[in-house]
Structures are given as structure tokens and as C-alpha cells.
Amino acid sequence: MIIVLKPRTTKQEIARVEEMVKARGLDTHIIEGSEMTIIGCIGDTTRIDIKLFEVDPSVTKVMHVQEPYKLASRAFHPEDSVIDVSGVKIGGGHLGLIAGPCSVESTEQVLEIATTVKAAGANLLRGGAFKPRTSPYSFQGMGLDGLNILCEAKAATGLPIVTELMSTAHLDIFHEKVDLIQIGARNMQNFDLLKRLGDIDRPILLKRGLNATYEEWFMSAEYIMAAGNENVILCERGIRTFESFTRNTLDLQSIPVGRKLTHLPIVIDPSHAGGKWWLVEPMAKAAVAAGADGLMIEVHNNPECALCDGAQSLKPKKYEELIRQVSGIAKIIGKTAD
Ligand code: PEP
Ligand code: MN
């Protein structure tokens with residue numbers, strides 16, 4: 001943290017600000033120019049409200065030098081994190097291929113899709129049991145019955161399961177049954193929910209909020225990590241922009257930015273980004289080429305009749321083709337799916 005003082009501050013004023021800094025357990029380094037004085041503050045500032053220093057009349061501005069997140073930051077953890085999801089590794093050269101329907105609709109539907117995506121090369125099965133829908137009149141998901149269907153599909157195929165947790169009321173049952181717990185875009189800043197994820201050791205797939213900056217997204221990862229659960233995977237799923245032709249805009253830059261600023265794996269969800277099935281393949285390929293650690297793709301055996309997100313779902317055959325092509329790209333850049 002750096003504190004810039006007003007021009008021509010007196011020795012007493014400098015000493016007063018220095019005292020405020022030291023009272024918060026930090027060391028100081030004074031840089032005196034001909035007009036301006038800057039106080040460099042040394043120590044952990046993550047728990048300090050740095051704007052408080054601006055209360056002093058001789059302070060012009062206060063700035064962070066480092067990012068406000070620590071546990072998620074690459075600066076303090078130079079190697080890529082590899083997250084183990086019930087035996088499937090994601091990150092550091094290991095590609096997570098998550099596929100399945102938007103929503104669990106029936107046992108037959110999930111079993112059929114799980115079998116086909118597994119044969120195509122997917123290593124994790126997704127499916128929403130609790131659905132965060134914009135309209136209260138839309139299908140809200142099968143709830144705990146849906147979760148049990150996912151467990152049946154896991155038993156039948158061996159694929160670990162990924163599903164969204166919306167409420168702390170289901171934390172214990174998710175801890176028991178779900179391999180990778182998804183926190184949806186709309187709950188990215190549900191801080192009470194994030195803090196409770198520290199009570200469990202299951203890996204978390206943290207989706208980026210619709211309007212979240214990188215820093216807000218990484219701070220949400222920091223919430224989970226600071227609460228005691230360091231198994232976090234980031235998921236970019238498109239952000240809101242002025243463009244209305246597509247559902248959202250896929251921010252491919254989040255891959256290199258995320259890899260530079262954090263050590264956490266980044267998975268791309270091209271389905272929710274574009275909202276159209278024919279955008280999934282080109283964006284998935286681009287994501288892997290740009291260094292993504294995984295893909296989360298919606299696949300439906302009968303998208304015309306899907307209860308949620310049929311228009312962005314791939315048919316199993318298309319998914320198979322996509323994985324064939326993506327595997328070639330992944331190989332070139334040194335990544336493979338377990
Ligand atoms: C989903 O993955 O089914 C979902 C609802 O995603 P998001 O939270 O990104 O909208
Ligand atoms: Mn969906």
C-alpha cells in the first residue's frame with residue numbers, strides 16, 4: 001500500500017500519518033521528493049480498510065500495490081493449482097470435460113446423456129437439480145429427486161457429478177453426495193453462502209457473476225478460501241454487454257488474465273455464454289487454445305423438448321465431434337483429460 005501526501009506536508013503531519021500506519025501493525029518507508037512525500041507501507045494490508053487513511057487532511061490518496069486477494073493470488077502461489085475432483089484432476093495440464101443437461105428431467109434422460117458424453121470423452125457429469133430461473137413460473141428443477149438421479153447416473157457410469165448449490169439448507173446433503181459443487185453466476189456474491197463453503201472440503205466451481213469484474217470474481221474465490229476451503233475452480237460463463245444477439249459475451253481474456261493473477265484452474269462454459277448451440281464449438285476450441293483448464297458444456301438428447309436451455313444444448317453426436325477436435329488442440333498445448 002502507498003500513501004500519497006499533499007504537497008508541502010510538514011514533518012509533524014508526516015509523523016502523524018506514519019503513526020496511524022504503525023498502529024495497524026505495518027512498517028513504513030518514507031520517500032521525500034522536493035514537493036511530495038509518499039509513505040510506502042510494508043506488511044499485510046488485506047484486512048485493513050485503506051480508505052480510512054484518507055480521513056487525515058494531509059493525505060491525497062491511498063493505493064494498493066498488490067491485489068486485495070492473497071490466497072487466490074499467483075503472487076503468493078506461483079505454481080498452477082491442480083484440483084482433485086474425486087480422482088479427476090483439473091488444472092496444471094489436466095483438462096476437466098464437464099458435460100450434461102442444463103436440468104435433470106428424468107432418470108432415463110440423465111442416464112442416456114451420461115452414457116453418451118462419457119463415451120465421447122467427458123470426465124464429469126453436470127445436471128441442475130436446483131435451478132436459478134429468472135421467472136418464478138419457469139421449471140425450477142427436480143430438487144433432491146434430481147440429485148438422487150445424478151447419483152444413480154454416477155453409480156452407472158463412474159462419472160463424478162457437478163451440480164449447483166443455491167442454499168445453505170442443502171450444504172450437508174451436497175457435501176455427502178456431490179463431487180464438485182457449483183456456485184452459479186447469480187450467487188457469486190452471496191457472501192453467506194460462500195463463507196459456509198469453508199465448512200466443507202468438496203471442490204467448488206465458482207461461476208463468474210453476470211456483471212462481475214475480475215477482482216470481484218477473485219475476491220469471491222478468496223471468501224471461500226479464507227473460510228477454509230482452498231479447492232476452488234473458476235468458471236467464466238459470459239458477461240453482460242450491450243450486445244443482445246447473443247445471451248452473453250464470452251470473455252476469453254479471462255483465461256490469460258485469470259492465469260496471470262491467480263493460480264486457480266479456469267473452466268469455460270460456452271453454452272451459457274452464447275446461448276446458441278452453434279456458438280459452442282468455435283468458442284470451446286478457442287478457449288482450449290487460449291489455455292482453459294476445462295470446458296463445461298450443456299448436452300441434451302432431445303434439445304427441442306428440454307425443460308431449460310435447449311437452444312444452447314448440443315446433441316450427443318455434436319459433442320462427440322467437438323471433443324475429438326478439442327482433444328487435438330489440447331494435445332498441441334500440452335493438456336489432456338484424465
Ligand atoms: C448452469 O450452469 O446451469 C447455470 C444456471 O449457469 P449460470 O449460473 O452461469 O447462469
Ligand atoms: Mn443452463
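# Helix packing and a ligand site in a predicted model

Trainee: At what angle do helix α9 and helix α10 pack, and how far apart are their axes?

Mentor: Helix α9 (residues 277–289) and helix α10 (residues 316–332) pack at about 20°, and their axes are 9 Å apart. That makes α9 roughly parallel to α10, a label for angles under 35 degrees, whereas those over 145 count as roughly antiparallel, 65 to 115 as roughly perpendicular and the rest as oblique. Axes are lines fitted to C-alpha atoms, for helices over the stretch in contact, with angles from 0 to 180 degrees between N-to-C directions. Helices are DSSP runs (H or I, at least four residues), and strands are E runs of at least two, numbered from the N terminus.

Trainee: What kind of model is this, and how are residues numbered?

Mentor: This is a predicted model, in which local features need pLDDT of at least 70, side-chain atom pairs count only at pLDDT 80 or more, and totals for chains, interfaces and linings use all residues. Residues are numbered from 1 along each chain as its sequence is written, chains are lettered from A and ligands numbered from 1 in the order in which they are written, and side-chain values use heavy atoms, leaving out hydrogens and water.

Trainee: Which residues of α9 and α10 meet?

Mentor: In α9, those in contact (heavy atoms within 4.5 Å) include Trp-277, Val-280 and Ala-284, and their partners in α10 include Leu-322, Val-326 and Ile-329. The residues of this contact divide into 9 nonpolar, 1 polar and 3 charged. Here Ala, Val, Leu, Ile, Met, Phe, Trp, Tyr, Cys and Pro count as nonpolar, Asp, Glu, Lys and Arg as charged, and the others, Gly among them, as polar.

Trainee: And how does α2 pack with α10?

Mentor: Helix α2 (residues 107–120) packs with α10 at about 20°, with the axes 9 Å apart. The two are therefore roughly parallel to each other. Thr-116, Val-117 and Ala-120 in α2 meet Pro-316, Tyr-319, Glu-320 and Ile-323 in α10.

Trainee: What about α6 and α7: at what angle do their axes cross?

Mentor: The axes of α6 (residues 214–226) and α7 (residues 254–261) come within 12 Å and cross at roughly 50°. That makes α6 oblique to α7. Their contact holds 5 nonpolar, 2 polar and no charged residues.

Trainee: Changing topic, which residues come nearest to ligand 1?

Mentor: Of the 13 residues around ligand 1 (a heavy atom within 4 Å), Arg-126, Lys-131, Ala-185, Arg-186 and Arg-237 come nearest.

Trainee: How far is an oxygen atom of ligand 1 from an N or O atom in the side chain of Lys-131?

Mentor: For Lys-131 that distance is 2.8 Å, and for the side chain of Gln-182 it is 2.9 Å. A polar side-chain atom of Lys-207 also lies 2.8 Å from an oxygen atom of ligand 1.

Key. A polar contact is a pair of N or O atoms within 3.5 Å; within protein, one must be able to donate a hydrogen and the other to accept it, and residues adjacent in sequence count only if both atoms are side-chain atoms.
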